Amino acid sequence: MADGKYERLERKTIREGRVIRDCIDTVSLPDGRTAPWDCIVTKGAAAVVAIDENGKILLVRQWRDPREDETLELPSGSRQSEEEPTEVTAARELKEETGYTAGSLRKLLAVRTTPAFSNELIDIYVAEDLAAGAQHLDPDEELKVLRVMPEEARRMVFDGRIQDGKTIAGILGYLEQRR
């Protein structure tokens, strides 16, 4: 194919995990050559900028094995299937990770985390009118919920305490929308 377009010719699954599928694609390049490209396939995910009764943003501190360290993130998680609406994912993950249920949930934005090698799309929601409840963590999760004022969250982004991409996008998107 030498018509100036990229085209996936084949996708081979190398490994299927709980959250991702690791693939190698064979891609036709615009000049007609072919090349192997690494690809991570996901079902997508949702994250939540949850605002408590005092106007504070809920964050979760949790261990992330690839970093061998803890991170500060918005409550978030993967869709259970590609058909699950991300609003359902967002509500479920907020409840599981923080114990809170949202009285109102509205979509803020969507983020492609690493488009160079993954199809992952994370829809980010704002949750307000929260009602407290009990966390329902996965067996391998241990999370601590923190509450920070929006401007403090912004400072945490710019001083490096928050480095997670979806969390940065959610916080800055929420602050921009409030302006």
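Tutor: One word to settle first: contact means heavy atoms within 4.5 Å. This is a predicted model, where local features need pLDDT of at least 70 and side-chain atom pairs count only at pLDDT 80 or more, while totals for chains, interfaces and linings use all residues. Residues are numbered from 1 along each chain as its sequence is written, and side-chain values use heavy atoms, with hydrogens and water left out.

Student: Thanks! Leaving aside its neighbours within four places in sequence, what is Ile-171 in contact with?

Tutor: With those neighbours set aside, Ile-171 is in contact with Val-49, Ile-57, Leu-59, Ala-153, Arg-154, Val-157 and Ile-162.

Student: And how many residues does the largest nonpolar core have?

Tutor: The largest nonpolar core has 22 residues. Such a core is a set of buried Ala, Val, Leu, Ile, Met, Phe, Trp, Tyr and Cys residues joined through side-chain atoms within 4.5 Å. Buried means under 20% relative accessible area, exposed means over 50%, and partly exposed is in between (1.4 Å probe, protein chains only). The residues with the most contacts inside this core are Val-49, Ile-57, Ile-124 and Ile-171.

Student: Which strands and helices each supply at least two residues of this core?

Tutor: Strand 4, strand 5, strand 8, strand 9, strand 10, helix 2 (150-158) and helix 3 (165-178) each do. Helices (H or I, at least four residues) and strands (E, at least two) are DSSP runs, numbered from the N terminus. There is also a second, separate core of ten residues, with Ala-46, Val-48, Tyr-125 and Leu-130 among them.

Student: Ok, what about Ala-169? Where is its place?

Tutor: Ala-169 is in helix 3. Its relative accessibility is 22%, so Ala-169 counts as partly exposed. Not counting residues up to four places away in sequence, Ala-169 touches Leu-109, Val-111 and Ile-124. The C-alpha atoms of Ala-169 and Ala-110 are separated by 8.8 Å, though the two residues are 59 apart along the chain.

Student: Let's switch to helix 1. How many residues has it, and how far does it reach?

Tutor: Helix 1 (residues 86-98) has 13 residues and reaches 18 Å from first C-alpha to last, close to the 18 Å expected at 1.5 Å a residue. The expected span is 1.5 Å times one less than the number of residues. After helix 1 comes Gly-99, whose phi is positive, near 90°.

Student: Which residues of helix 1 are buried?

Tutor: They are Thr-86, Thr-89, Ala-90, Arg-92, Glu-93, Leu-94, Glu-96, Glu-97 and Thr-98. These buried residues pack against strand 4 (45-50), strand 5 (57-64), strand 7 (76-78), strand 8, strand 9 and strand 10 (144-148).

Student: Charges next! How many salt bridges does the structure hold?

Tutor: There are 17 salt bridges, each being a side-chain nitrogen of Lys or Arg within 4 Å of a carboxyl oxygen of Asp or Glu. One of them joins Glu-128 and Arg-106, with the closest N and O atoms 3.9 Å apart. That pair links distant parts of the chain: Glu-128 is in strand 9 (residues 121-131) and Arg-106 in strand 8 (residues 101-112), 22 residues apart.

Student: Are those two buried, or partly exposed?

Tutor: Glu-128 is partly exposed at 26% relative accessibility, and Arg-106 is partly exposed at 33%.

Student: What about Asp-164 and Lys-166, how do their side chains meet?

Tutor: Asp-164 and Lys-166 meet in a salt bridge, 2.9 Å from N to O. Salt bridges that share partners join Arg-64, Glu-73, Asp-164 and Lys-166 into one network. Lys-166 is buried, with a relative accessible area of 9%.

Student: New topic: how many disulfides does the count come to?

Tutor: The count comes to zero disulfides, a disulfide being a pair of cysteine sulfur atoms within 2.5 Å.

Student: Last one: how many aromatic pairs does the structure hold?

Tutor: It holds one aromatic pair. Rings of Phe, Tyr and Trp (its six-membered ring) pair if their centres lie within 6.5 Å; planes under 30 degrees apart count as stacked, over 60 as edge-to-face and the rest as tilted. The rings of Tyr-6 and Trp-37 have centres 5.8 Å apart and planes at 45°, so the pair is tilted. Tyr-6 is exposed at 54% relative accessibility, whereas Trp-37 is partly exposed at 40%.
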